[in-house]
Every structure is written in C-alpha cells, then in structure tokens.
Amino acid sequence: MKNFIRIKDYFLQKNRLRKILFNAKLSAMKTSPEIYSSIRLGSFPKGLFIQTQSRCNARCVVCPLRYESYRKSIPQGKMTDSLFYKIIHECSQYGIKEISPEFLNEPLMDSELEKKIEYIREKCPSSYISIISNGSLLDKERAKRLANSGLDRICFSVHGLTKETYEKNMVGLHFYKTLDRINYFLSVNKNVKVRIAILQNLLPRAEFLEALKYWEGKGVPIEIQQSNDRAESLPDNNYVVWKAKNKGRIVGCIFDYPLRYMAVHFNGDVVLCCYDWHREVLLGNLNKSSIHSIWNSKKYQNIRKRIYGHCPSDFICNRCVMAVRLGDRSNYQLLL
C-alpha cells in the first residue's frame, strides 16, 4: 500500500496528468453526484485523522487558534491511551490505508507522538502514516526518534524565509531556531518523505521565489498553497485571499472527505472534516461507538446525501472553498 501511494504521488506531481484527473473527477461529480458518491464510498474510511492532543504552540495569522475567544469556545485536552489503542486496534482489523496522528493541532506537542507512531506501525504495518507540523519542537533527540519511528511523510509549514516574515506569519515561533531544527531533521532523516508547505500570499514575491529556490536546493518538494477562510472561521481576516463566494448548488467535496476520511478529536468526537473548526457536524463519539458503526450510520449517510446533491443553504459546506458547485470552478482552481 505504501508503494502504491508513493507511485500515486509521483504521477500526481505531473501537472498535465493531475489536471486531466482533476477535471475527470469534477465531471463525474457534476454529472451524477449520487452515483459518484456511491461508487467512491467504502465500508470503512480510507484514512483517519487522530487528534492525540488539541493544542498548538503557534498563533499563525490564518488559523482560528490565534483567537483566544475561539480557543476558549472549544474543549481542550489529550486523548486517553485507552481510546487511542481502541482506535488503532479497529484500524488494524480493517486494514486502513492512511493514518495521520494529527488534526487541527501541532502534533509534536504530544510528547509521546513518536511512541504512538511506532505503535501504529506495529499494528498497521501497511498503512501510510503522515503528519503536518511547524517543526519548532523537533530538537535533536526527537528528530532522530521521529525519523526512525515508522513515519512515512511529514509536511513542515514554513511561511517565510526571513525572520521578519516568518515570525509575523507564525506568531510565537522563532525563525532561526525552527529552521535549524528542520534542517537537522533533513540531515539525519533517511526514511521519511519530507515536504514544505508555503502559503504564497503571505510572502513578498521576491522572498517567495527565494524560498522555492532554498528548499528545492535541499531536494525537498514544495506544496504551494493560498490561505482560505476555513469555512468562514476567519471572519474579517486581512490575510485570507480565498473565500467561497459562489453560493450555487453543491454537488460534492473536491477532497471527498465524507467519502474517504474520518476525523476524530481528542475526546472521541467525530466531525465532518478539517474545515469544521467549530464542530458543527458531530457524527458520533468513538468512546461510545466504533469507527465502522459511525461511518455506516444513518446520520452519516444523510450528511453525505446533503453534500452530494442535496445541500441546504445553512449547511457548513456552503461556506467552504472545497465545495464543488455546478457551473463554477473559481473556488477550487487554486488547487491545480
């Protein structure tokens, strides 16, 4: 399975093929969203996002966690070991393809993250394990442990290549210290696929080009992104350049989150996706139910029907840039 994902990633880096597949997917979704969703949906999620703890040590300018009012409005804490082991045990029974032990947080704030990744690898040997991190907590000891933990991929968010830009965008972090730690990880890493994510609109043009040159010189692929309002979770944010402006009929999700992935918070709450920052759509709790039962529940089935062809105007997807709408491509052209 890991080899298949690597081959898929290689071909998707080819822009022409990526555009062909992207447009074919949109065409199928728009032609018959109900049939499309029934074909894509499996009896168990393809991938699982696990929030082992809820906190982040940064206050990035395009993240809801920067607002104290938001942080106080949601539960905070750490996942119990019993719940974590229960989740991984079920994943091992169904042969899940992908596991990400992070969700709306900084995963390295869990001091036992490497141990948990090792456990995932032991119980789910064929699963593809990945995380997204700012890298600031990756000291030398943790860098070595993470590089040999069984992790398949890590994406570092690095929104700047100067102290001024970086520390303005990623408030609370130290540029030179973090850059040194990421570079040290690159020097000791032999097993983990590394990528760098850059929000292009947060960098001056010259600095953005210099950042591309810097990371490409180190042989690290770059994910160029644009900041969006995360389903209107960032109101009146001057750093946001991508919003869901068109309110036409929704026929699907460009990433197929409700058909392919499940996301669970530290307390066991299962939510719709990573754009549901306010936990509007609660689908169940893994302390009380299994992954399989929630995934196949009547409630989840009804939510999927909404997203793939029957979405009410007050549903969260109407505020999301990842929603596919008939007659409009402006919301997701930035993905190409």
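Modeller: One term comes up at once: buried means under 20% relative accessible area. Keep in mind that the model is predicted.

Biologist: Which residues of helix H3 are buried?

Modeller: H3 covers residues 33-40. The cut-off for buried is under 20% relative accessible area. The buried residues of H3 are Pro33, Tyr36 and Ser37.

Biologist: Within what arc do the buried residues of H3 fall, seen down its axis?

Modeller: An α-helix has 3.6 residues a turn, so residues three or four places apart point the same way. The buried residues of H3 line one face of the helix, because seen down the axis they fall within an arc of 95°.

Biologist: Which elements give two or more residues to the lining of the second largest pocket?

Modeller: This pocket has a volume of about 150 Å³. Its lining includes Glu34, Ser37, Arg304 and Lys305. By class, the lining has three nonpolar, three polar and three charged residues. The elements that give two or more residues are H3 and helix H13 (298-307).

Biologist: Which element gives the largest share of the lining of the largest cavity?

Modeller: The largest cavity has a volume of about 130 Å³. Among its 14 lining residues, Cys253, Leu272, Cys273, Cys317 and Cys320 lie nearest its centre. Strand S9 (250-253) and helix H11 (257-260) each give two or more residues. The largest share, three residues, comes from S9.

Biologist: How many charged residues line the second largest cavity?

Modeller: About 40 Å³ of space lies in this cavity. Its lining includes His265, Trp277 and Arg279. The classes are five nonpolar, three polar and, for charged, one.

How values were computed. Residues are numbered from 1 along each chain as its sequence is written. This is a predicted model: local features need pLDDT of at least 70, side-chain atom pairs count only at pLDDT 80 or more; totals for chains, interfaces and linings use all residues. Side-chain values use heavy atoms; hydrogens and water are left out. Buried means under 20% relative accessible area, exposed over 50%, partly exposed in between (1.4 Å probe, protein chains only). Helices (H or I, at least four residues) and strands (E, at least two) are DSSP runs, numbered from the N terminus. The arc is that of the directions from the helix axis to the C-beta atoms. On a 1 Å grid over the protein atoms alone, a cavity is a set of points where a 1.4 Å probe fits but cannot get out, and a pocket is an open set with protein on both sides within 12 Å along at least five of seven lines; lining residues have an atom within 4 Å of a point. Grid points are joined across faces, edges and corners, and a volume is the space filled by probe spheres set on the points. Ala, Val, Leu, Ile, Met, Phe, Trp, Tyr, Cys and Pro count as nonpolar, Asp, Glu, Lys and Arg as charged, and the others, Gly among them, as polar.
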